[in-house]
Amino acid sequence: MLTNFSVAHCYAAIVESASAAQSVNRELNCVMVTLSRKFSTTAIPNPSKLLQRHPQTTTTTTTHIFIPFSQLQQRKLFESHLISVLHGCTHLTQIKQVHAHILRKGLDQCCYVLTKLIRMLTKLDVPVHSYPRLVFHQVKYPNPFLWTALIRGYATQGPFSESVVLYNRMRSEGTGPVSFTFSALFKACGAVLDVGLGRQVHAQTILIGGFASDLYVGNTMIDMYVKCGFLDCGRKVFDEMSERDVVSWTELIVAYAKSGDMDSARELFSGLPVKDMVAWTAMVTGYAQNGRPREALDCFRRMQDLGVKTDEVTIVGVISACALLGVAKYANWVRDVAERYGFGPTENVVVGSALIDMYSKCGSVEEAYNIFEGMKERNVFSYSSMIVGFAMHGRAHAAMQLFHEMLKTEIRPNKVTFIGVLTACSHAGLVEQGRQLFATMEKCFGVAPSADHYACMVDLLGRAGRLEDALELIETMPMEPHGGVWGALLGACRIYGNPDIAQIAANHLFELEPNGIGNYILLSNIYASARRWDDVSRLRILMREKGFKKNPGCSWVESKEGIVHEFFAGDMNHPQSSEIKRALSDLLDRLKAKGYQPNLGSVTYDLSDDEKKRILMNHSEKLALAYGLLSSDAGCTIKIMKNLRICEDCHAFMCTASQVMGREIVVRDNMRFHHFSDGACSCGNFW
């Protein structure tokens, strides 16, 4: 048993290890030489021998030995130096050397020093059940801090249940907890997502008393409830705290942002008395991650106006917001901001990788590649971002070439890299090449295919018209397919008009994503293309019963002044609507002269041909194109961003318009980029 292991044995083992070391920590030697001179005449008092029989009497009376104040000061100084030296240890051998001195100087019962020793051992990932626990068991009367050091070790390393066992033993032996005890237990509960145990610990803080107003305990309690998915409980703890700091507020702001509740996050942020960089960054990244890029940029501007310091995380959050907008003006602005704060892409690999992604999503894949080329340091994220950028722009061969260049370096591909190359193969119809990559992922690179990689393969096979192969691949997946997998199959069924397989995919999607209106609309469109109007009617009735409302098509384009103009399908409320309508009518006449005819199949309603033509002419991307032609100089590229997938009619319209107007037109839909030039699209009509 550990408790029977003697101090002598422990000392012998440590001294043996220490003597085998090549050198002793210089700082420790300096301390020992200095203090040994001070203690040359008088030994350090041993706390276990402070109570002893007086040597000059024969009675059994027990008296206290008087210890001069100067000796107590020297002892405290010595302990403080030991703590300092322990704090600087970076290797186990160094800690063992310090431990040997602790034993030699009679401090084997000093909880203050041994607490630091155990904390440093766990910090260096020394298994708690071995050395740290052995040290603990040599102490006859461990204080709450020594108990807590061991509890914290198990809370950090596991098994987490042992931290609870130790807490119970500590209480049964009559030792009361301190605030750090509860914070360690809450961290253990959060790590294993055991809210039941966390509530029991919460109850202990109330029963024992004295911890209700402890700020550190309150913050770790909020963190535990949030990690376990009980945000409301975390908020209740926050509301009942008598004292809060910026950590208390920021924990909940981040939690609300992650849950998608930015309104509650904003409400909390508004009430925060002193807003530091972390709190501002939480709001900026929260807005960006929840698809509210304009609010993210407004928040960042206010942060700058107030002179709040900006770090790398804030900059990456703003870059992410600019990527969502896809507007060149903001892209160039945020790059200037990054460089002004010393986070330029040449030197900073994290910001550089984020800028590659941003420029790719803003339609400037060439600028993204310029940043990639100029980076002094590249990592797997830099390569992956560039490969994904090439893929979304339909430049499959460039993506594959960069992938093979990456393999010649020491950088190994990760799961995102393979999503990029598989997407490139999918968008270019490179079925066999994609299959080979998928087959070698784990075997050659140690990357096990995830459900996302299977979704890429289903998309690859589906776009190539191999719907049965795609369905068979799904049925043989080693994990449960998620919505992305079935969604890829449903999308392929729309392209090739297969309502039967579409029904199979949709049934799974209705279970996995019961509120996903897009799945219902896509299946309805597939039925409409097959002229199965009864099924269309049935689905639309079901959508009405569920209270679904279709997201309107929305496109936006940037004017030469840098102003973003939004257009919704059928909405003619723009100040220049009359000019837009006239320009669109003139363009249509010119396109018809080149052979363009509206694709009435893109309207999935049972309407007259004239009504279908009217609906098609009011699609948001056509309105954005007309405005782009009116507001830009001749020969300039027009970049349009769209929230939904571009329809077949608009795709044909853009192809012909690029030829007639002599302009390059770039459209980013919710799937990829389409570069229209001289009557052709970069996707090769494969989308």
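A salt bridge is counted where a side-chain nitrogen of Lys or Arg lies within 4 Å of a carboxyl oxygen of Asp or Glu. The structure is a predicted model, in which local features need pLDDT of at least 70 and side-chain atom pairs count only at pLDDT 80 or more, while totals for chains, interfaces and linings use all residues. Residues are numbered from 1 along each chain as its sequence is written, and side-chain values use heavy atoms, with hydrogens and water left out.

**View A. Salt bridges of Asp535 with Arg538 and Arg532**. The closest N and O atoms of Arg538 and Asp535 are 3.5 Å apart. Both residues belong to helix 30 (residues 533-545), where a spacing of three residues corresponds to about one turn of the helix. Helices (H or I, at least four residues) and strands (E, at least two) are DSSP runs, numbered from the N terminus. Asp535 also forms a salt bridge with Arg532, at 2.9 Å from N to O. Residues are termed buried under 20% relative accessible area, exposed over 50% and partly exposed in between (1.4 Å probe, protein chains only). Asp535 counts as buried because its relative accessibility is 18%. Arg532, at 29%, counts as partly exposed, as does Arg538 at 43%.

**View B. Salt bridge between Glu347 and Lys376**. The closest N and O atoms of this pair are 2.9 Å apart. The protein has 26 salt bridges by the rule applied here; elsewhere, Asp263, Arg266, Arg292 and Glu295 are linked in a network of them.

**View C. Buried and exposed sides of helix 26**. In helix 26 (residues 467-475), the buried residues are Leu467, Ala470, Leu471, Leu473 and Ile474. These residues lie on the same side of the helix because they cover an arc of only 160° around the axis, the arc being that of the directions from the helix axis to the C-beta atoms. They pack against helix 25 (451-463), helix 27 (483-496) and helix 28 (499-512). Glu468 and Glu475, on the other side of helix 26, are exposed.

**View D. Lys612, a buried residue without a salt bridge**. Lys612 is located in helix 32 (residues 609-617). The nearest side chain of opposite charge is that of Asp609, 5.0 Å away; Lys and Arg count as positive and Asp and Glu as negative, whereas His and the chain ends are not counted. Apart from neighbours within four places in sequence, Lys612 is in contact with Leu600, Val603, Tyr605 and Leu607, contact meaning heavy atoms within 4.5 Å.

**View E. Nonpolar surface patch of Phe145, Phe180 and Tyr216**. Together, the three residues have about 300 Å² of accessible area, computed by the Shrake-Rupley method with a 1.4 Å probe; for residues, only the protein chains shown count as cover. Patches are made of residues with over 30% relative accessible area and no salt bridge, like charges being joined within 9 Å and nonpolar side chains (Val, Leu, Ile, Met, Phe, Trp, Tyr) within 5 Å. Phe145, found in helix 7 (residues 144-157), counts as partly exposed at 42% relative accessibility.
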